[in-house]
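Let's take a walk through this structure together, with the coordinates open beside the text. We can begin with how the chains meet and then step inside one of them.

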Amino acid sequence: MSAGTGQPADLQQLDHVWGPRPGFVGWLGQCNHKAVGRRFIFTAFAFLLVGGAMALLMRTQLAVPANDVLGPDAFNQLFTMHGTIMMFLFVVPMLEGFTIYVAPLSLGARDMPMPRLNALGYWVYLLGGLFLLSSFLVGAVPDSGWFAYVPLTGPDYSPGLNLDFWLLGVTMLEVAGIVGAIEVVTLVARFRAPGMSIFRMPIFVWSGFIASVMILFAFPPLVAGTVLLELDRKLGTVFYDATAGGDPLLWQHLFWWFGHPEVYIQLIPALGMAAAIATAAAGRRMAGRTAVITALVAIGILSFGLWVHHMYATGIPLLATSLFTAASFMIAIPSGVIVMAFIGTMWWGRIRWSAAMLYVVAFVFVFVAGGITGVMVAMVPFDWQAHDTYFIVAHFHYVLVGGSLFPILGALHFWMPKLTGRMLDERLGVVAFALNFVGFNLTFFPQHALGLFGMPRRVWTYQEGLGWDGLNLVSTAGSYVMGLGMLVFTLALLRAHLPGAPTAPDDPWGADSLEWATASPAPNYNFRSTIRVRSPEPLWDRRSTLGDRDGPDPDPPEWQRRIDTAESGLRQAVATTGLDARPDHIVTLPGHSLHPLWVSLSLAVLLVGVLVDAGVLAVVGLVGLVAASAAWLWPGVE
Amino acid sequence: MRRVVVIRQATVAAAAVLLAGCGPDPRDSVTDPASPQAAHIDALWTLILWLGTAVWIGVMVLLAVPLLRSRRRRRERPAAHAASTGRSDPVPAEATPSPGAATAPAAELDEPLAVADPREHLDAQTDQRVRSRLLWLGGIVVPAVILLVLLVAAGRVGGLTAHVERAGELEIEVVGHMFWWEVHYPELGITTANEIHVPVDRPVRLNLTTDDVIHSFWIPRVHGKIDMIPGRENQLTFEPTTTGRFRGQCAEYCGIAHAQMVAFLEVQEPDEFDAWVDQQQRDAVEPETESQLEGQRVFLDAGCAACHTVAGTEAVAGVGPDLTNLASRGSLAAGIRPNTRDDLRELIIDPWGVKPGNPMPPTILDDDELEALLDYLEALE
Amino acid sequence: MAVWHSRTAHPIGERARTAAMGTWGLWLTLAVLATFVAGLAAAALYLHTGQQAWPPPDIRPPSGRPAAIALALTVLGAAAGDHARRVMGRGGRRAAAVALATATTAQSTGFVVLVAHLGTLPFHWGDHAYASVYWVHTAFAAWFVGVSALVLAAVLVQTLVGLVDPQRHLELTNAAIHAWFATAAGAVLLALVHLLPTTGGGG
């Protein structure tokens, strides 16, 4: 079954053609979706631990009234960086990493359609993250919250480099996200295995596709907004300056045009992960599969019509805000359909329990609560009370931990065999799950009450005798429990990768999608021969032709023989038509390339030049960017 | 089994939290309204709390049913279950595809059901109807009905609580500063800070602006919050129906001392309010004792007057709060300290220790000067 | 015919029915850039509706002539790029090179006209939000046109050294499409600068 032993000559050839070049430079120049996807996933996991440690520090400060573990400066920096890291450096890259690693395998493809763009996305992400974190080294950490409202972030009230780090770093991360999104959209449009018509795609791939399309339309306006703010700060334009005809509310509109869809960009692929886990665990198709896909698309579209519900307290007339209440309510319907689909899938009663599946149940448990409080705060008058309090903090953690983090942890359990060929320990996994689940609810449930009792968010301290003490202490205790849970999870992750730990079988879950039809971890060439898909669950239908599992096709057409043997020595793959996935043309893909690294380094140099007002450095970066792009795009592959 | 334990733990935790939430100390809670506006919002909250809880419990019951069912089935048919966990068992003959399957059009092959183990196909078919009902009723019909009810409720409460002009309103201008609140009564000619006095049972209208960054004004017991945004003026109207001292805090992050920007709303009986107005309208009390006179000199010479006003003296600056009636206020430094001599002393010599990020610089004074200054300030009623 | 003249794609049947990866990449990138332009446009419109007078009374709006000239040059350049694409498809490599050179010259001249215009403005970008919009939106228009000129120049070089030929000229096709996009983006941004009514929405 696995490609390990006694490889025939053509397998060696395939492996050679699709494998990395030898040595450190070869490692650096890898563009293959598996290398890039793994890099995304593990870098994002490291950032999750950093962001989580920051949260623990904040909860420690807030454990008791008038505490002095942290001063206001440190606290304000921590909540800013916690939000920024979790949104931009953990959730979105993690989901993109999983999409990049898993989606080509699920679609039966050999690689992403634009591998070098893939690598570019990772390098820009990594450098953007390091750029943001380097603010700690120079002591100018961003400190104005992750939504960076002007005028507090303008030149008058934040004169230091703090906000420049934030604006430029976030712009880099947005570029990384956009690059990855272009890649995923093209992948889904072009690289599905023959026979995988668009409605046979796994739900997880659908969700990654929807999120990517959303990124294309949500991120650029924020880039525009941050560019204008950076111009206000560096050159002295007055876009956001109310005294000179500008308007601070412009920032809020641009920010939330991005910020609201961003929430769903973090949610939708995680729903897809949960769907993949539930389908495999139940051993049957997701209940209402088509309805779920439709609901995901509907959420994606509706999420662009909600941005004003973050701005109810800005004095926008009631009639206008009420329209956004109605729009926000509408999104509860597709969400309800999805939740019911999960319950319906479990209803059948053949669930094989695993830590991954526990996270899916926890997701339903927590996410439904977050959705209900979401409906509450979508109502204008109630939001006037709840807005910017701990009620909101509790609400969005219920949505994002329940809707993103738990499915991601489940997905790490679920796909780790395919990622690295190792199973995570189930017992440790269950212990970590229990700690995370209990700790999470203990941390955030009391915060609903704190908000109603008048505790605003983003306060570094509070006085005694306001009736907030006990609840804050409980919340802090809960956060330690969850911190312990993440520690156990990390230990499980490390333990699985110690030498001598047991290796994973090809298909440990009896799952339905194509990534389980190949070896664990997936070989360089993904599948031995071209796959023919005959249903949405190719591993269950017993009609689909699965490259590795069923051996080579006895009588392939000429084009298929060409790519299945890789006789040309080129990375060749088949591109298919958009809706019904009929074989259309053979594409030659680039392999090893350092151009993406040069482009992203040039971009980083350019932004550092802008940051420290070093014009020469900025020009060097710009010239490097143009030169590296030109070299990249120079026609080479025949 | 594991699930039950987890749920039980969560319930215990929730109960502990609720108990912790019922301590004796008074809170300025949204659920303890002191005006019709806050009462309407509280009524809405009560509605959504119960509806929301009911919905959540309903969904959890739906979630629990399949989980319990799955355990029962496993007990009843252990053999079938064991078979379903492995994929290596031979495929039954009837499940192998007919020769035409590979060439049949996609639509015929993509039936609504697919299972890992073909022997469970019948089972799945029986469940299919239940599930489709679940999706329609649970996912679409029931939520839509509830949301329509809530939409009407939200619209109604919105109409009842939104700002409207009313006859006989008391108009007050509140200006947000980093990190305190400036309060003007334009009709009464009063300027004060951080503490807003209003008479009970009279409509109040706050005109909210800011001097620097965005702040958000919020007194939970009388109304929701509304932002103070540069270049704009927002209004908040409410009608306090209970006397008392209601606390509120800046709700939009406004910089380093955002956590220490507190406002108090003092709702008084009409005659008390009139007495307060009368007191505030007068110029500052003239210093009487020697020490107070010395204190006034220190105030004017040591730099205090560069930022603060004391009406009736040469001190007319508007950077910091107006101190004309300082001693009549209940709190210091935007509501974070009680107005005592010790706190005042600490605020003058170590303002950054009392409130990090405070724009007020420390004042270097010898002990005699300091005590004289305190004598003077404490007389400013 | 190897449709779309890509050097990395080979149709399986008689001809490919779908677009090449390069075409997908181009159009998705243009979608992203168009959304970016929409963000800039929304900012200008929002600021405009918040003002009673646009520009404010103390700023005299500069002449729109340089912008019109630059836009005309950009359109000319895009048309020449399109022409280059068509003659290349018919096998006229030399004619395509000439057309490409024309396109590059026209669009880079358009870029220079816009930059020169910015150098002679009677107000500073910090005077008023109107001035900021004028400066930044014109500069972004110049940026789009300038990038397009660079792309056209790169393809011109590739044509001259013989890498782009009648059989493989997806690069040229994409550069021509991009030139039209730059024209449209520049037109939208310059229209926001010059064609908004002088009275705003109030407030």
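This is a predicted model: local features need pLDDT of at least 70, side-chain atom pairs count only at pLDDT 80 or more; totals for chains, interfaces and linings use all residues.

Which chains touch one another? Two pairs of chains are in contact, and of these 2 pairs, chains A and B share the most contacts. Chain B and chain C, on the other hand, do not touch, and their nearest C-alpha atoms are 9 Å apart.

Let's turn to the meeting of chains A and C. Here 39 residues of chain C are in contact with 42 residues of chain A. On the chain C side, the elements that give two or more residues are strand 1 (9-11), helix 1 and helix 4 (129-160). Helix 1 of chain C supplies the largest share of that side, with 15 residues. Sorted by class, the side of chain C that touches chain A holds 23 nonpolar, 13 polar and 3 charged residues.

For helix 7 (residues 203-234) of chain A and helix 1 (residues 21-49) of chain C, the axes come within 8 Å and cross at roughly 50°. Because of that angle, helix 7 of chain A is oblique to helix 1 of chain C. The crossing of these two helices is right-handed.

If you select the residues involved, helix 7 of chain A brings a set that includes A:L216, A:F217, A:P220 and A:L228. Among those they meet in helix 1 of chain C are C:L28, C:V32, C:F36 and C:L40. The residues of this helix-to-helix contact divide into 14 nonpolar, 3 polar and no charged.

Chains A and C also meet through strands. Strand 2 (residues 583-589) of chain A and strand 1 of chain C pair in the antiparallel sense over 3 bridges. To find the place on screen, look for A:H585, which stands opposite C:P11 in strand 1 of chain C.

Now for the inside of chain B. This chain is divided into domain 1 (2-79 + 100-161), domain 2 (170-281) and domain 3 (290-378). The C-alpha centres of domain 2 and domain 3 of chain B lie 22 Å apart, and 20 residues of domain 2 are in contact with 15 residues of domain 3. On the domain 2 side, two or more residues each come from strand 2 (180-185), strand 3 (190-193), strand 10 (262-268) and helix 6 (270-281) of chain B. By class, that side has 11 nonpolar, 7 polar and 2 charged residues.

In what order do its strands run? Three strands form an open sheet in the order 4-10-9, with mixed pairing. Strand 4 (195-199) and strand 9 (244-249) of chain B are the edge strands, each pairing on one side only. Neighbouring strands of this sheet are turned by 20° against each other on average, direction ignored.

Strand 9 and strand 10 of chain B pair in the antiparallel sense over 6 bridges, and B:G244 stands opposite B:V267 in strand 10. Finally, helix 6 of chain B lies across strand 4 and strand 10 of chain B, running at about 130° to strand 4.

Notes. Residues are numbered from 1 along each chain as its sequence is written. Chains are lettered from A and ligands numbered from 1 in the order in which they are written. Axes are lines fitted to C-alpha atoms, for helices over the stretch in contact, and angles run from 0 to 180 degrees between N-to-C directions. Helices (H or I, at least four residues) and strands (E, at least two) are DSSP runs, numbered from the N terminus. Angles under 35 degrees count as roughly parallel, over 145 as roughly antiparallel, 65 to 115 as roughly perpendicular and the rest as oblique. A crossing is left-handed if the near helix is turned anticlockwise from the far one by less than a right angle, and right-handed if clockwise. Two residues are in contact if their C-beta atoms, placed from the backbone, lie within 7 Å. Ala, Val, Leu, Ile, Met, Phe, Trp, Tyr, Cys and Pro count as nonpolar, Asp, Glu, Lys and Arg as charged, and the others, Gly among them, as polar. Two strands pair if DSSP finds at least two bridges between them. Domain bounds come from an automatic or database domain assignment.
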